[in-house]
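Thanks for coming, everyone. I'll keep this brief. Please have a look at the structure first.

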Amino acid sequence: MTISLDRLRRCSIAVDLGAARTRVYLRRTGLVVDEPSVAAVNTRTGGLIAVGALAERMMGRTPDHIRVVRPVSGGRVVDIAMAQRMLRFLVGNKVRRAWRRKPLLSAAVCVPHDADPLAERAAVETLTGLGARRVELVDTLIAAAVGCGLPVERPEATMIVVCGAATTQVAVLSLGSIVAAEQVAVGGETIDHALVQHMRNEHALMLPSQAVRPLHLALSRTGAAADDTEVHGPEVHGRDVATGLARSVQIDIEGIRAVVQTPLTGVLDAVGTVLRRCPPDLVADLAERGIMLAGGSAGLPGFDDLLREATGMPLHIAEHPDTCAVEGLGAMIEGSVRPVVLDPLAS
């Protein structure tokens, strides 16, 4: 995928369609939409009931005739029509007011590094259905690196790990391009699923989706503790598998920590694979610069320590890891990213 900064500067809108959240950046305005990628539909009438945060709160609480869907999975649009309806609802009023005098001419959208032609076409059709005359595709890894402030245009190595809801992408960049990249199906949803399965197997308790977040917070607090004093885990509420009644369990922090770290070993394998594909000179650069951690799931408890211990490299977490991709894409359409210029040798 080749990125033309000249064409990107003609774009008026930048979109990051993530599996967890949808973000929209408007030129000369900034970030105007940051909502969950969720929509609630009435199956009897086909009408759209809610999108974004309101639809997310409906998950697991709807009657049979209301279906809560996610039109984006793993950074790929899996339901074009629903993604268009969701985006139209999210950006409609805000974008119309901003573009009252200037119609939508072109748009830029993030796509995963290994996106196949069908996934790219789905992203293009989603935005053209909203009125975009031209759609520019930008690799999520490059957009996130720019959003983190990494010097991707220089002839030196920068490494970024983008942790999403469904996948984690690892890449080494130099001279504005990707030297080596790898993607694994491990993300925030994988960790949540592992925690739910652990509570079911160990405590015969079915957890609601809202009960996973307190477990993440408890792990973060204990991981940051400076002493070795005993820290009790929080009580979580759920449904007993056998009786179906409501029941509460106090979790074991160490057991939960082991559950979280097990899926993350797949990310370590991806980091090792990317490093083995890189020239020695670039790997030497990384030994000093370290790894940048970005993405909505970058704050997974213990993830940064696990990467730091496994690689022996410095690890940095982006200042705003969840919005790095859309902010980088916004910087490109604003024209604040310098192009890579290689002057030919004089003959």
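**Val184 and its contacts**

Start with Val184: leaving out residues up to four places away in sequence, Val184 touches Thr167, Thr168, Gly266, Val267 and Ala270. Contact here means heavy atoms within 4.5 Å.

Before I go on, two notes on the numbers. This is a predicted model, where local features need pLDDT of at least 70, side-chain atom pairs count only at pLDDT 80 or more, and totals for chains, interfaces and linings use all residues. Residues are numbered from 1 along each chain as its sequence is written, and side-chain values use heavy atoms, with hydrogens and water left out.

Back to Val184. Val184 sits in strand β13, residues 177-184. Strands (E, at least two residues) and helices (H or I, at least four) are DSSP runs, numbered from the N terminus. Is Val184 buried or exposed? Buried, with a relative accessible area of 17%. The cut-offs are under 20% for buried, over 50% for exposed and partly exposed in between, with a 1.4 Å probe and protein chains only. Val184 and Leu268 are 84 residues apart in sequence, yet their C-alpha atoms are 9.9 Å apart in space.

Next, the cores. The largest nonpolar core has 45 residues. By nonpolar core I mean a set of buried Ala, Val, Leu, Ile, Met, Phe, Trp, Tyr and Cys residues joined through side-chain atoms within 4.5 Å. Which element gives the most to this core? That is α8, with eleven residues. Among the residues with the most contacts inside the core are Met159, Leu264 and Phe303. A second, separate core has 33 residues, including Ala143 and Met332.

Stay with Phe303. Leaving aside neighbours within four places in sequence, Phe303 is in contact with Cys163, Leu264, Val267, Leu293, Ser297 and Ala298.

Phe303 also takes us to helix α10, residues 303-311, where the buried residues are Phe303, Leu306 and Leu307. In general, an α-helix has 3.6 residues a turn, so residues three or four places apart point the same way.

What do the buried residues of α10 pack against? They pack against β11 (158-163), α8 (253-277), β17 (291-294) and β18 (315-317). Just after α10, Gly312 takes a positive phi of about 70 degrees.

Last stop, Ala50. Ala50 lies in strand β5, residues 48-51. At 4% relative accessibility, Ala50 counts as buried.
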